[in-house]
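User: Can you walk me through this one? I'd like the helix packing and the aromatic rings.

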Amino acid sequence: MLVYAKAGVKPNQPPVHVGFSVSKKLGNSVVRNRVKRRLRESFGPMIPRVKDGYNLIFIAREPVVDEEFTAIQSVMRSLLRRANLLKAEDRRQQKDQNATREAVEAAQRQ
């Protein structure tokens with residue numbers, strides 16, 4: 001999956017504009033619409049965490065068709081983090097969650 005981001009410059013804009021692009025190469029209309037629905041549902045909870053004033057386009061690639069929902073959310077979150085589009089407090093929370101998860105995994109290994 002790819003994400004393109006452009007800062008919006010118009011006042012009175014909604015915090016984030018987002019679009020999803022799914023090529024015909026991924027399948028017929030049923031498959032493409034299912035992928036778009038899953039992308040929208042994956043992005044929904046992340047809207048408050050994204051920095052205001054950006055226009056985003058997510059472009060689906062082949063593996064997303066059979067991917068699990070949680071994996072799609074994880075990929076979207078990592079793309080936004082890599083593009084530095086997440087608000088600062090969410091990045092801190094994510095680091096805390098990762099540290100907690102790593103501690104739990106280390107305890108389970110022992």
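This is a predicted model: local features need pLDDT of at least 70, side-chain atom pairs count only at pLDDT 80 or more; totals for chains, interfaces and linings use all residues.

User: At what angle do α1 and α2 pack?

Analyst: About 60°, with the axes 9 Å apart. Helix α1 covers residues 29-43 and helix α2 covers residues 69-82. That makes α1 oblique to α2 (angles under 35 degrees are roughly parallel, over 145 roughly antiparallel, 65 to 115 roughly perpendicular, the rest oblique).

User: Which residues make the contact?

Analyst: From α1, R38, L39, E41, S42 and F43. From α2, F69, I72, Q73, M76 and L80. Contact means heavy atoms within 4.5 Å.

User: Now the rings. How are F20 and F43 arranged?

Analyst: Their centres are 6.4 Å apart and their planes at 70°, so the pair is edge-to-face. Rings pair if their centres lie within 6.5 Å; planes under 30 degrees apart are stacked, over 60 edge-to-face, the rest tilted. F20 is in strand β2 and F43 in helix α1, 23 residues apart.

User: And F20 with F58, what kind of pair is that?

Analyst: Stacked, because the centres are 5.8 Å apart and the planes at 20°. F20, F43 and F58 form one aromatic cluster.

User: Switching topic: what is the phi of N84?

Analyst: N84 has a positive phi of about 60°, although it is not a glycine. N84 is in the loop between α2 and α3.

Notes: Residues are numbered from 1 along each chain as its sequence is written. Side-chain values use heavy atoms; hydrogens and water are left out. Axes are lines fitted to C-alpha atoms, for helices over the stretch in contact, and angles run from 0 to 180 degrees between N-to-C directions. Helices (H or I, at least four residues) and strands (E, at least two) are DSSP runs, numbered from the N terminus. Rings of Phe, Tyr and Trp (its six-membered ring) pair if their centres lie within 6.5 Å; planes under 30 degrees apart count as stacked, over 60 as edge-to-face and the rest as tilted.
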